[in-house]
Amino acid sequence: MKLLHRFNGGIHPPQHKTESTRLPILSAPIPEKLVIPLHQHIGTSAKPLVAAGDAVLKGQMIGKAEGYVSSSVHAPTSGKITAIGYEPAPHPSGLRDLCITLEPDGLDAWIERHPLDYLNMDPSSLRNRLRDAGVVGLGGAVFPSFIKLNPGSGKKIKTLVLNGAECEPYITCDDMLMRERADEIIAGAKIMRFMLHAEEVLIGIEDNKPEAIAAMRAALKEAPFEVIPVPTIYPGGGAKQLIRVLTGIEVPAGERSTDLGVQCFNVATALSVYRAIAHGEPVLSRIVTITGAVNKPRNYEALIGTPIDVLIRLAAPVKDSDGAIMGGPMMGFELPSTCVPLVKATNCIIVKSATLFPPAPQPMPCIRCGKCAESCPADLQPQELYWFSKAGNFGKAQEYALFDCIECGCCSYVCPSHIPLVQFYRYAKSEIWAQEREKKASDLARIRHELRVDRMEREKREKAERLAQKSAQARTQMNSEEET
Amino acid sequence: MSSPHLTQTNSVSEIMLKVLLALVPAIAANVWFFGPAVLVTLSLASVTALVLETVMLKLRGRPVVPFLMDGSALLTAWLLALSIPPMGPWWLIVTGTAFAIVIAKHLYGGLGSNPFNPAMVGYAVLIISFPVQMTQWLAPASIALSHIDFAAQLDYMFFHVLPQGMQLDALTSATPLDTLKTQLHLDKPISAILSLPIYGEVGGKGGEWVAGAYLAGGLYLLQQRIISWHVPAAFIAAICLTAGAFHLFDPAHHASPWLHLAAGATMIGAFFILTDPVTGPTTPKGKLIFAFGAGFLTYLIRVYGSYPDGAAFAVLLMNICVPLIDAYTQPPVFGKKK
Ligand code: SF4
Ligand code: SF4
């Protein structure tokens, strides 16, 4: 039995997980229209490869990774491209994103697939495959996986952590995936271990998922893979918190876990690594939990680009349902509209209703009770951060490690004064970023101005010199003329 | 609305309510040993506090209902009422409460912004301005020289009249700590002093039971996780250590730590006054320093100062240090522990 570590803080909100785990994962039908954003990952948008009117096959690349930190995008089924343009995207701001609209032809005809025999391949070509297959972190962070599978020269990865903790209330997509497709997850973990040369693979699953733990254990045959039940506590599934629990290592803010010999992936990502390498299949769909104020909460396997309102309708929303949250109730965001497509980051849709999510009570002043600090997994002093952020004292807020805040929401959750603390931190962070941008811009302007002044002076000087030279020449000429 | 979309349902009102509830055993013990006058003191202080709180909220343009409901004004009133002699005259109670609510709380910005514990400010103002009235404690019913009924007590509190031929001295006595100090000045040996009728098993007669009731209420608050162990533990430890050291060094002139734990404001201080979150530090280490300092000062002021007890002044002195304590006791951030 492995000795587990703990992190400070954390909370135990009501789980609401059993609602959506009663039924197996169901494949959502192919919708009439798919809207596929080109920016579904951290980094630069993919570059469109198709034009309106093109016919595409299932799995065909329609957006190519652009630059290093980027990932590709594919047609989730066969059909015709009908438009490329800016469409509403699932983003808290409600801004539109460049999307490719695809009208499925119903044939679901695959493009030719090329499985790879990874054991006889060089990790760098495997990475290229993952990049071209659009494999990104499916836990919600959507960071391109091939980058995280490149430890860099001279760095040694001791531990590969697979994250099946799934600590946020309501979300059960990883739970169901582990129950139903443990073999493929383990197969993906093997490929990842091969690519990283990791000594051990620790699979952390919160102990509120006994079925998933049993399924994963049944799929596991050999060391150095180990399934480790971890205590159920939010945010125990945060990468840093899980790494801490499993290995005792604390990864400081702004540092990468690879520097400390650990790399962490979500279980669903492991599965897409396996599909991409062993079957040559890019990421075309994902498992998404549709839950909350619906009559039939469950997990669906849905094509990327499926309109979210279509999925919500499948789950039969209750009468007074109103809006939806993408992600969990702790860190997810309210969708500006449900007429947006499912993307690789959409692990959960919680349909809201006034009974399920009553409006927050009126905030009261901070009474310095310290409950927030007790619950903070980053070991911050949220009440001080609140004080400084509210007062606009951003320097002090930074001194008190504002940027180590992971916005997990534990502090807001426990605050007896119901202060929306995280909102204040977001505000402070964005203000600081804005100030820094402004400073950079004004620095740039100052440098430009100085260069311009320099140049003008130089030009003036040169002009004067030229003039002086000319007149000197003229004089000598005159003199010589006089002499002759 | 941005995340998180969930909040716990507990509230400031709930916390304050539980603290008030935790005071009930001590109030009951008070009534049992010293008679029902304390209930009048409590009611008068409560009404004064609620009225003044409403007026101040109105003046400051704050919503009245949610702030009245938070229960903090009521708690201040109760803590103050329990710190002043039962059967104190009405104006004493009203003046103290007014200082606590108007000056110490609202003029400093209201709930959450006041640097000094309002109840202790009220107490300090009273003991400095009216030392005589503030040291006339009712003697425990079992040893008082004479008794008057409740109606007569009310007559005294509101109209300052006692039944014919009755002297106030016959009803009241100095507190055990006060008695100890004056008797020691008269060079009485400590063993003789402690066998005076006002002393009980460990503290003052009756008073030790009230202290026990505060302890019980405090344990309830600990169990409910409304207070953390740091403050009461450090405060009690400081009193024990300081009193113990003096007692060992000079037992003829210093009572044992037991008396200092069971008498005076030690228990109410440890569990109800120093644990006020608004005026105390927030870091665990800071709480230890704050409460230890307060315990040490309480003992010194109690034994060497000219006031009957030192807790109030110790708390106020330590309140001043809170920003400094907090600033220097910040725990290391995740991943940055050395
Ligand atoms: S939990 Fe809320 S009231 Fe308590 S210290 Fe933190 S911010 Fe203040
Ligand atoms: S949101 Fe930030 S400050 Fe609040 S508990 Fe999480 S990490 Fe701590």
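## Around ligand 1

Let's start at ligand 1, where the surrounding residues are A:Cys366, A:Ile367, A:Arg368, A:Cys369, A:Gly370, A:Lys371, A:Cys372, A:Gln383, A:Cys415, A:Pro416, A:Ser417 and A:Leu421; a residue counts as near if one of its heavy atoms lies within 4 Å. By class, that shell holds seven nonpolar, three polar and two charged residues. Here Ala, Val, Leu, Ile, Met, Phe, Trp, Tyr, Cys and Pro are nonpolar, Asp, Glu, Lys and Arg charged, and the others, Gly among them, polar.

This is a predicted model, with local features needing pLDDT of at least 70 and side-chain atom pairs pLDDT 80 or more, while totals for chains, interfaces and linings use all residues. Residues are numbered from 1 along each chain, chains are lettered from A and ligands numbered from 1 as written, and side-chain values use heavy atoms, leaving out hydrogens and water.

## Around ligand 2

Ligand 2 has 13 residues around it, and A:Cys376, A:Cys405, A:Cys408, A:Gly409 and A:Cys411 come nearest. Eleven of the shell residues are nonpolar, with one polar and one charged.

## The chain as a whole

Chain A has twelve helices and 17 strands, taken as DSSP runs (H or I, at least four residues, for helices; E, at least two, for strands) and numbered from the N terminus. Its C-alpha trace spans about 110 × 65 × 50 Å along the principal axes.

Of the 484 residues in chain A, 52% are buried, meaning under 20% relative accessible area (1.4 Å probe, protein chains only).

Methods:
Buried means under 20% relative accessible area, exposed over 50%, partly exposed in between (1.4 Å probe, protein chains only).
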